[in-house]
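Here's a quick briefing to read with the model open beside you. Grab a viewer and follow along.

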2 protein chains.
Amino acid sequence: MSVVFVSLGMTVDGYIAGPNGGPDNPLGDRGPTIHTWMYGQRAFRSRFGMAGGDTGRDDQILEATMTRSGATIMGKRMFEEGEKNWPEEAPFHMPVFVLTHQVRSPWQRPGGTTFHFVDDGIESALERARDAAGGKDIRIAGGADLIRQYLHAGLIDELHIALAPILLGDGVRLFDGIDPVRVSFEIAEAVHSPSVTHLRYSVKRPRR
Amino acid sequence: MSVVFVSLGMTVDGYIAGPNGGPDNPLGDRGPTIHTWMYGQRAFRSRFGMAGGDTGRDDQILEATMTRSGATIMGKRMFEEGEKNWPEEAPFHMPVFVLTHQVRSPWQRPGGTTFHFVDDGIESALERARDAAGGKDIRIAGGADLIRQYLHAGLIDELHIALAPILLGDGVRLFDGIDPVRVSFEIAEAVHSPSVTHLRYSVKRPRR
């Protein structure tokens, strides 16, 4: 059975993107610094067609995150930001389901990424992702609003936060607007390198 | 030379106290749940005159935090909240310097805690705390506003966040209003138990 997980970068002050983000400013002002730890890793570089890179524990964690995923789900704004900025060979190499109100045919990219557009809700997108994942896990990529919707619906099993030792002071917070009664966590792991702290939580089933 | 440090509890969504806090509602609504991991530890219980308690790694960390401190600095609201709620034998057992605009004579409690009231600024309070600490470390206890003032002034060496695996959804955030250009961190440690994740950062010297 596929595990449904979130894996994202966050600053110590809780931001997962900077302010003023959009297709012309991906991740927002200073947002790319949230992921500084990632850019030198071999697992990251290889997805963008670059050779070399670090191969320590951060790389192993990143590689495992990418390898376990058989399908990805993302929101419309995240897709639109990426559509303009990903290389032609989009860095997913798996089926990606985009939640949108727009009806659109699948968009196939070289390298194995096909974007499917889903206009009938988060449960339907998850069902389609399960069918496509072939038993591998399903990653809810973001943005914040989509992750909160899945958390509130009790559909996420694991949350991995790569906590960057920086402050942004402004931007998009993952947990703004979350209902603390419906979402709670159990600590699964905390490991760190000099660049990032990996916090792993199991999401507890919501009270019915 | 005394190390100046902060050690506090924070939720995954960044709150160090719940909303509506005050002398009649210490730590705010649901705020005490931030410190749930602490209440069963021997180091905590002993400071409140209770026997027994857990003696695992969380307890060792808490004991070390308390033992290293030779003086504590806190803001006026934190003091006023505690003044009404601490037992007669206040749980510090060391000199405590309270930043306030009110001139007031020292208030000596049984068990070795004396509150000194400082009305001429954070640097003066730190100087007095250094003199009183006898070479031990100095803890900036809070609240959030006071910690931000010390961080902005470049006067804090270490930040220890005991990250509770809960969400509050509302309350007092440590980093609201922080200037991200003036404050940055280096990761020193991350260890976890089933109840809490201890994140330890060195505070980098501010750019002059």
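B:P180 reaches across to the other chain: leaving aside residues up to four places away in sequence, B:P180 touches A:R30, A:L167, A:L168 and A:G169, where contact means heavy atoms within 4.5 Å. Bear in mind that this is a predicted model, where local features need pLDDT of at least 70, side-chain atom pairs count only at pLDDT 80 or more, and totals for chains, interfaces and linings use all residues. Residues are numbered from 1 along each chain as its sequence is written, chains are lettered from A and ligands numbered from 1 in the order in which they are written, and side-chain values use heavy atoms, with hydrogens and water left out.

**Two prolines in loops**

- B:P180 sits in the loop between strand 9 (172-173) and strand 10 (185-192) of chain B; helices (H or I, at least four residues) and strands (E, at least two) are DSSP runs, numbered from the N terminus.
- B:P180 counts as buried because its relative accessibility is 18%; buried means under 20% relative accessible area, exposed over 50%, and partly exposed in between (1.4 Å probe, protein chains only).
- Along the sequence B:P180 and B:H152 are 28 residues apart, while their C-alpha atoms are 9.4 Å apart in space.
- Over in chain A, A:P19 lies in the loop between strand 2 (15-17) and helix 1 (36-39).
- A:P19 has 18% relative accessibility, so it counts as buried.
- Setting aside residues up to four places away in sequence, A:P19 touches A:N25, A:G28, A:D29, A:D170 and A:G171.
- From A:P19 to A:I73 is 54 residues along the chain, with 23 Å between the C-alpha atoms.

**Salt bridges**

- Over all chains, the structure holds 20 salt bridges, each being a side-chain nitrogen of Lys or Arg within 4 Å of a carboxyl oxygen of Asp or Glu.
- One of them pairs A:E63 with A:R47, with the closest N and O atoms 3.0 Å apart.
- That pair links distant parts of the chain, 16 residues apart: A:E63 is in helix 3 (residues 57-68) and A:R47 is in helix 2 (residues 42-47), both of chain A.
- A:E63 is partly exposed because its relative accessibility is 31%, whereas A:R47, at 17%, is buried.
- A:E80 and A:K76 also meet in a salt bridge, at 3.3 Å from N to O.
- Both A:E80 and A:K76 belong to helix 4 (residues 76-85) of chain A, where they are four residues apart, about one turn of the helix.
- A:E80 is partly exposed at 30% relative accessibility, and A:K76 is partly exposed too, with a relative accessible area of 36%.
- In chain B, B:E189 bridges to B:R200, with the closest N and O atoms 3.2 Å apart.
- B:E189 lies in strand 10 and B:R200 in strand 11 (residues 197-203) of chain B, so this pair ties together parts that are 11 residues apart in sequence.
- B:E189 is partly exposed, with a relative accessible area of 31%, while B:R200 is buried at 19%.
- Back in chain A, salt bridges link A:R68, A:D137 and A:E158 in a network.

**A negative patch**

- A:D119, A:D120, A:E123, A:E127 and A:D131 form a negative surface patch.
- Patches are made of residues with over 30% relative accessible area and no salt bridge, with like charges joined within 9 Å and nonpolar side chains (Val, Leu, Ile, Met, Phe, Trp, Tyr) within 5 Å.
- A:D120 is placed in the loop between strand 6 (114-118) and helix 5 (122-133) of chain A.
- A:D120 counts as exposed because its relative accessibility is 52%.

- A cis peptide bond, with omega about 0°, joins A:G142 and A:G143; A:G143 is in the loop between strand 7 (137-142) and helix 6 (144-152) of chain A.
- Chain B has a cis peptide bond between B:G142 and B:G143, with omega about 0°, and B:G143 is in the loop between strand 7 (137-142) and helix 6 (144-152) of chain B.
- A:L27 is not a glycine, yet its phi is positive, near 75°; A:L27 sits in the loop between strand 2 and helix 1 of chain A and is partly exposed at 29% relative accessibility.
- B:L27 has a positive phi of about 70° although it isn't a glycine; B:L27 is in the loop between strand 2 (15-17) and helix 1 (36-39) of chain B and counts as partly exposed at 28% relative accessibility.

Conventions. Accessible areas come from the Shrake-Rupley method with a 1.4 Å probe; for residues, only the protein chains shown count as cover. Lys and Arg count as positive and Asp and Glu as negative; His and the chain ends are not counted. The place of a charge is taken as NZ of Lys, CZ of Arg, CG of Asp or CD of Glu.
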